[in-house]
Each structure stands twice: as C-alpha cells, then as structure tokens.
Amino acid sequence: MRYYTYFPGCSSSDGGSRAYGQSALAVAKALDVELIELEDWNCCGSTPYTSVEALGSFCLSARNLALAEKRGLDLVTPCSACYLILSRTNSYLREYPKLRAKVGEALAAGGLEYRRTARVRHLLDIFANDIGYDKIASMVKEDLSGLKVAPYYGCQVVRPGPSFDHPESPQSLDRLIESLGARATPFPLKTRCCGGSLIISEEDIALELIHKLLDSASSNGAECIVTVCPLCQTNLDVYQGRVNKKFKTSFNLPILFFTQLMGVAFGIEGKALALEKCIVSTEKALARYVGR
Amino acid sequence: MKTNVQVGNTFLEEICAVPGGEQIRMCIQCGTCTASCPNANRMDHGPRELIAMARAGMRQEVLSSNSMWFCASCYLCTVRCPRDIKPTELMHALEHLAVRHGLSNARTRTPTMYRSFSDFVYSIGSVPEMGFMTWFLVLARTNPLRALKMLPLMFSLIRHGRISVRARRLKPEAERQLRAILDKAEAMGGMS
C-alpha cells in the first residue's frame with residue numbers, strides 16, 4: 001500500500017468534473033494506492049487569483065502546502081491547474097526571499113508556518129512513475145487492443161516545469177495507454193492549449209483552439225481522447241457541440257479522463273467510473289472492445 | 001547614478017519589482033514567444049511587441065491593451081524563451097498592474113471573469129461552478145439574450161449530473177483562518 005495526501009481541487013471534488021475524482025479514487029484503490037484527502041483544503045486560486053491579487057494567490061497555495069507539510073506525504077492532485085499553481089508557489093518561495101517573508105507573515109496571521117518541504121505531484125506522475133506501467137498492465141482485465149486513443153496532456157501538467165515529463169513531447173500518458181492494451185495514436189497537438197478558462201470570457205478564441213485539437217485527434221484516427229485535466233475535459237467534451245455548430249463539423253469524440261480509461265481496462269463497472277457524466281457518449285466507442 | 005534612477009523608466013522598474021518580471025531586461029526581441037502563442041493573432045500587441053513597449057515605458061498603452069487578457073497560461077512561450085524570460089508570468093504581472101491602476105481593457109470580459117472567480121475564492125475558499133458562472137454573467141452585465149444562448153449547454157450539464165448547486169464549504173474555523181491570511185496579504189499591499 002502506498003499513501004499520499006490528496007488534493008482533488010474544486011472541479012474534481014464535487015464540481016463539474018467529479019467523474020475525475022470518483023474514477024481516480026476507484027483506480028487508486030485497485031492499485032493499492034490510498035489517497036487521503038487534505039482536510040479543509042482551499043481552492044488553489046488558479047490563474048484568475050494570480051492576476052487579480054498576486055500576493056494573496058501565493059498565500060492560497062501556501063496555506064494548502066503548510067497543511068500538507070504537517071502530514072509528511074507527497075501532495076497529489078489530479079488537476080493540472082492545481083498542480084501548476086501549487087508547484088509554482090513552491091518554486092517562487094524558493095527563488096524570492098522577499099516574497100517568502102511576506103507569505104510567511106500572512107500565514108502567521110492564520111497561525112500557520114510553511115517550511116517548504118511539501119512535494120507536489122500530479123496523479124499521472126504517481127501512476128506512471130511510482131506505480132509503474134508493469135503493475136498497471138498486470139491489472140488489465142478487458143482487452144482494449146485496437147482501441148485508438150489520442151493522449152491529450154494539455155499545457156499545465158508539463159509546463160512550465162520542471163515536470164516529470166517533456167514540456168512539448170511528453171510520453172508518459174502514451175505509455176500508460178499502451179500498458180492498458182489500447183493504442184496511443186500520434187497526436188501532434190498533444191500539449192497544445194484548449195483555451196482554458198477563456199472559454200467563459202472569450203468563447204470564440206477557445207472554440208477555435210478546441211476545434212484544432214479535435215481535428216488533429218480525429219484526423220489521426222483517434223476513437224476517443226483521454227485527458228489529465230478537468231478543464232481540458234470540460235472544454236473538449238462540453239463544448240464539442242458548439243464547435244460542431246460553429247465550424248460545421250460533426251465530431252463525435254468521447255473525452256475520457258485517463259483514470260476512466262484505466263478503470264474500464266481494469267474491469268471496474270461504469271457507474272463507479274461515472275462514465276455517464278461524459279456529454280459525448282463513451283458507449284459506442286467502448287462497446288466494441290469491452291466485454292468481448 | 002542616483003539621478004538616473006529617479007528619472008528612469010519607472011514603468012519598467014515597476015515590472016521588474018514583481019517577482020518573475022525582472023527578466024524582462026534580458027529580452028533580445030527574437031519573437032519566439034509571439035510565434036509560440038496560440039492567441040497572439042487576437043492580441044492588440046503580441047508578447048514580443050508588448051515587451052518592447054513596456055521597455056519603452058509605454059505604460060498606458062501596455063496596461064490598457066487586451067493582450068495579457070488573451071493569454072491562456074499555456075506556458076509555451078516560457079519553455080521556449082532563449083533568455084529565460086517568463087512571458088506568461090509577465091502577462092500575469094501586467095494584468096495585476098492593470099487592475100491595480102484601474103486600466104482594465106473594456107473589450108475583453110476576461111478581467112470580469114477573473115474577478116468573479118476570485119470573489120468566490122476569497123469569500124468561501126472554493127469555487128462552485130454554477131455560482132461562479134451566474135456571478136460572472138451578472139458582473140459582466142451580460143445581455144439576457146446572450147445568456148439565454150447558454151441554456152442548452154446548462155441543460156446538458158444538468159442532465160449529466162455535472163452541475164453542483166451546493167458549494168463545498170470549509171469548516172468555519174478553516175474559513176476564518178483562510179480569510180485572516182488573505183486579509184493580511186492584502187494589507188501588506190502587493191508582492192513588491
């Protein structure tokens with residue numbers, strides 16, 4: 001059994017991507033990984049808080065890191081934005097002594113202290129590097145051979161880094177997909193941007209980026225896309241219909257969290273993986289492979 | 001030397017004082033950032049040009065432009081910059097300065113979206129998506145017709161169980177702790 005402190009982030013805990021959190025916990029359990037949720041964690045603040053109130057944004061992360069540090073385990077999050085924001089705070093506190101002093105003073109107002117020992121990890125890193133592809137392959141019960149999956153990393157899991165994989169040409173998710181018995185398709189845009197939260201304020205810009213991603217995945221023969229980030233999943237899945245309308249396309253690509261695909265391969269039943277929460281139905285794409 | 005500092009380019013100094021902003025002095029104007037940016041074509045000025053303008057002291061033009069608000073924080077420019085400038089962080093710093101000086105660009109709704117997100121983080125320490133979206137539409141004074149166009153999307157989210165009505169709440173003492181920390185941070189008046 002391996003133990004980690006778990007930081008689900010707003011979206012994967014009980015927000016729009018709760019399917020991610022749910023499937024992550026189910027798959028972790030199958031792999032003898034215990035994810036112990038950090039008590040009373042707060043939102044990481046994401047990009048918006050950084051832009052509006054810079055010092056406060058570091059304090060948001062520092063509170064989480066200080067709480068996690070007390071437990072002494074690696075802090076794991078399935079969300080790429082949380083991963084970036086928490087890691088960024090760690091490196092800024094290391095690089096900028098003046099900022100460190102200010103954040104320390106603010107934390108003290110809440111009776112906390114952070115000694116900068118909390119290690120931030122992404123769930124993909126845990127599965128790929130701590131658990132390993134062999135162990136994952138040994139858990140596979142469904143024969144997914146032939147299923148063509150586009151590995152979509154998005155931006156913030158590999159950039160700005162230093163991360164556990166290459167900033168522009170990462171391989172860990174490709175290898176994980178292959179270890180599940182499925183085929184990782186070439187996907188030249190695998191670390192390109194989905195538009196992030198601009199989908200809310202500048203929809204046209206984001207739809208254009210999403211269109212490029214769907215087009216690239218689809219033209220490389222993918223039957224589905226897997227993501228490692230709540231926002232990537234939301235943009236590609238929830239807004240796929242709007243892309244089709246705007247660009248007169250007919251994409252029908254299921255967008256799964258990588259933990260959902262792992263769960264399917266492990267033979268975990270669909271309900272526990274919350275597959276029904278995908279807007280573009282996963283049934284047709286998976287039916288040919290599951291239970292044969 | 002002292003005189004030089006006093007009559008110097010205060011805008012540039014202001015940027016350099018923000019952690020992450022100091023590298024702007026190293027820029028060689030190669031344009032790798034602009035070439036890498038997925039949204040440069042929508043910006044008033046691409047990242048390279050924006051850096052040149054900032055270094056020329058064009059404070060008003062830089063801070064009132066839409067450029068930084070179209071940055072999606074994909075960090076492609078950051079990992080490619082040959083001078084280790086972090087254009088993404090620079091964009092955040094410029095957003096922050098624009099907000100502080102009341103110069104937010106009126107042609108993009110991103111500042112308002114960021115504000116509505118941050119309001120929730122500050123007041124309850126979490127972001128319930130439904131509340132955040134509604135608050136954004138209100139703050140952005142969204143045309144009701146435009147809001148109506150969002151309805152099909154809302155319905156499909158509800159149908160698939162992807163909308164949470166209730167916000168996740170921290171324990172009251174944790175919420176108070178968070179607020180005390182954030183208030184203290186604000187009272188200290190910024191990062192630099």
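In chain A, the centres of domain 1 and domain 2, taken over C-alpha atoms, are separated by 24 Å. Domain 1 of chain A covers 2-123 and domain 2 covers 138-287; domain bounds come from an automatic or database domain assignment. The model is predicted, and local features need pLDDT of at least 70, side-chain atom pairs count only at pLDDT 80 or more, and totals for chains, interfaces and linings use all residues. Residues are numbered from 1 along each chain as its sequence is written, while chains are lettered from A and ligands numbered from 1 in the order in which they are written.

The contact between domain 1 of chain A and domain 2 of chain A takes 23 residues from domain 1 and 22 residues from domain 2. Two residues are in contact if their C-beta atoms, placed from the backbone, lie within 7 Å. On the side of domain 1 of chain A that touches domain 2 of chain A, the elements giving two or more residues are α1 (9-14), α2 (18-30), α3 (46-52) and α5 (80-95) of chain A. Helices (H or I, at least four residues) and strands (E, at least two) are DSSP runs, numbered from the N terminus. The largest share of that side, nine residues, is supplied by α2(A). By class, the side of domain 1 of chain A that touches domain 2 of chain A holds 12 nonpolar, 10 polar and one charged residues. Here Ala, Val, Leu, Ile, Met, Phe, Trp, Tyr, Cys and Pro count as nonpolar, Asp, Glu, Lys and Arg as charged, and the others, Gly among them, as polar.

Chain A as a whole has 16 helices and eight strands. Its C-alpha trace spans about 60 × 45 × 30 Å along its principal axes. The radius of gyration of chain A is 19 Å, which agrees with the value near 19 Å for a compact globule of 292 residues; the radius is taken over C-alpha atoms, and the globule rule is 2.2 Å times the number of residues to the power 0.38. Of the contacts in chain A between residues at least 6 apart in sequence, 78% join residues at least 24 apart.

Strand β1 (residues 2-6) of chain A pairs in the parallel sense with strand β2 (residues 33-37) of chain A over five bridges; two strands pair if DSSP finds at least two bridges between them.

Four strands of chain A form an open sheet in the order β6-β5-β7-β8, with parallel pairing. Its edge strands, each pairing on one side only, are β6 (183-184) and β8 (255-257) of chain A. Strand β5 (residues 148-152) of chain A is joined to β6(A) by two bridges, and A:K148 has A:R183 as its bridge partner in β6(A).

Setting aside neighbours within four places in sequence, A:V149 contacts A:I177, A:A182, A:R183, A:A184, A:T185, A:A222, A:C224, A:V226 and A:L261. The largest nonpolar core has 158 residues, and those with the most contacts inside it are A:C59, A:V149, A:I210 and A:V226. Such a core is a set of buried Ala, Val, Leu, Ile, Met, Phe, Trp, Tyr and Cys residues joined through C-beta atoms within 7 Å. A residue is buried if 20 or more other C-beta atoms lie within 10 Å of its own, exposed if 12 or fewer, and partly exposed in between, with C-beta atoms placed from the backbone. The largest share of this core, 10 residues, comes from α4(A).

Chain B has 12 helices and zero strands. Its assignment gives domain 1 (9-100) and domain 2 (110-187), whose C-alpha centres lie 28 Å apart. Of the 192 residues of chain B, 43% count as buried, whereas in chain A buried residues make up 63% of 292.

The contact between the chains takes 53 residues from chain A and 53 residues from chain B. The side of chain A that touches chain B divides into 25 nonpolar, 16 polar and 12 charged residues. B:F117, in helix α8 (residues 110-124) of chain B, is in contact with A:P48, B:V127 and B:F132, leaving aside its neighbours within four places in sequence. B:F117 is buried because 25 other C-beta atoms lie within 10 Å.
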